[in-house]
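Please keep the sequence and the model in view while reading.

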Amino acid sequence: MSQTLSRPAHTQGAISRIRLHAHSLSPSLKQVADHVLRDAETVIHQTITELAASAGVGEATITRLCRKLDFAGFHAFKIALAADVAGRDSSAQATDTDLTGHTARLVKQSTLTLEDTGRLLDPDVIEAVADQLARAPRVDITGQGNSGLVAQLFAHRLLRLGITGVAYTDPHVAAVSISTLPRGGVVIGLTSSGSTIDTVQHLRLAQSHGHYTVAITHRASSPVTRYASKVLFTSRQEEPLTDAVLDTLISQTLVLEVLYAALLARRPEAAAVLRVTAESVVEKKY
């Protein structure tokens with residue numbers, strides 16, 4: 001005798017859970033669920049604030065739906081939803097083994113990312129941030145994961161100009177440093193999604209201490225922007241379930257390189273400092 005076993009709830013995707021619970025959802029929860037089913041490809045890239053706005057509900061309603069569907073929170077829900085969306089096109093991805101074609105697509109996508117990010121840059125914001133960086137006694141740069149790598153790169157660039165810049169990828173050390181930042185210090189937070197909890201908390205802490213804060217993010221409607229004196233935008237972020245991070249890395253790097261160029265104009269001693277720092281490592285090269 002055969003027996004049909006139901007699939008455990010924790011192994012079900014977001015879409016299957018929505019359909020399973022559809023009959024028991026309140027009108028407001030069903031409104032969100034229907035929106036997700038109609039436009040899942042967009043939802044996987046949205047913040048909770050953006051989804052609430054597009055679905056016409058409050059953020060608390062989004063949270064209630066996630067918990068109703070047995071997800072720990074909105075981020076866990078998005079990961080499951082992204083897996084559902086990715087599964088729709090899994091056969092096409094499996095056959096994408098042409099290295100030449102893949103390289104061409106990466107080059108094309110990277111070019112578009114740089115062009116789009118360039119169009120998003122506001123010269124007035126760049127100038128304002130550069131003014132603060134030029135006279136800051138110290139610049140703390142915080143980011144997690146891939147954003148942390150870019151933070152380390154910019155800290156190095158600042159040091160080459162004689163500006164004390166320190167990158168923190170350990171959230172505890174970052175919080176301690178921000179709490180002891182001298183008056184006039186600047187804190188830069190890099191988070192593509194704008195929702196990285198540690199980075200948001202770092203900018204909030206910096207703001208509470210009266211420091212100048214800068215957010216570099218892809219999302220205008222995201223928590224990190226609430227605690228930023230100025231916001232600089234990138235054009236893209238990585239897919240939730242892939243390791244395709246090139247768009248994030250190059251867009252963040254472009255923003256910071258434009259800031260670096262603006263700083264050069266504000267540091268008359270820049271040429272001399274760059275020469276000294278270059279000479280400091282001359283014995284490290286053949």
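Ala80 is found in helix H6; helices (H or I, at least four residues) and strands (E, at least two) are DSSP runs, numbered from the N terminus. The model is predicted, so local features need pLDDT of at least 70 and side-chain atom pairs count only at pLDDT 80 or more, while totals for chains, interfaces and linings use all residues. Residues are numbered from 1 along each chain as its sequence is written, and side-chain values use heavy atoms, with hydrogens and water left out.

- Ala80 counts as buried, at 15% relative accessibility; buried means under 20% relative accessible area, exposed over 50%, and partly exposed in between (1.4 Å probe, protein chains only).
- Ala80 and Ile15 are 65 residues apart along the chain, and their C-alpha atoms are separated by 8.4 Å.
- Ala261 lies in helix H13 and counts as partly exposed, with a relative accessibility of 44%.
- From Ala261 to Ile126 the distance is 9.9 Å, C-alpha to C-alpha, and the two are 135 residues apart in sequence.

- Asp70 is found in the loop between helix H5 (59-68) and helix H6 (74-88).
- The phi of Asp70 is near 70°, a positive value in a residue other than glycine.
- Most residues other than glycine have a negative phi.

**Aromatic rings and charges**

- The structure holds two aromatic pairs; rings of Phe, Tyr and Trp (its six-membered ring) pair if their centres lie within 6.5 Å, and planes under 30 degrees apart count as stacked, over 60 as edge-to-face and the rest as tilted.
- The pair of Phe71 and Phe77 is edge-to-face, because the ring centres are 5.6 Å apart and the planes stand at 75°.
- Phe71 is buried, with a relative accessible area of 9%, and Phe77 is buried, with a relative accessible area of 1%.
- One aromatic cluster is formed by Phe71, Phe74 and Phe77.
- Arg17 lies over the face of Phe71, at 4.0 Å from the ring centre; a charge sits over a ring if NZ of Lys or CZ of Arg is within 6 Å of the ring centre and within 35 degrees of the ring normal.
- The charged end of Arg157 sits over the ring of Tyr260, 3.9 Å from its centre.

**The strands**

- Five of the five residues of strand E1 (residues 139-143) are buried, so the strand is largely enclosed by the rest of the structure.
- Val139, Ile141 and Gly143 point one way from E1, and Asp140 and Thr142 point the other way.
- E1 and strand E2 (residues 165-168) run parallel and are joined by four bridges; two strands pair if DSSP finds at least two bridges between them.
- Val139 stands opposite Gly165 in E2.

**The cavity**

- The structure holds one cavity of 30 Å³ or more; on a 1 Å grid over the protein atoms alone, a cavity is a set of points where a 1.4 Å probe fits but cannot get out, and lining residues have an atom within 4 Å of a point.
- The largest cavity has about 30 Å³ of space, a volume being the space filled by probe spheres set on the points, which are joined across faces, edges and corners.
- Its lining consists of Val150, Leu153, Phe154, Thr253, Leu256 and Glu257.
- Helix H10 (146-160) and helix H13 (246-266) each supply at least two residues of the lining of the largest cavity.

Notes: On a 1 Å grid over the protein atoms alone, a cavity is a set of points where a 1.4 Å probe fits but cannot get out, and a pocket is an open set with protein on both sides within 12 Å along at least five of seven lines; lining residues have an atom within 4 Å of a point.
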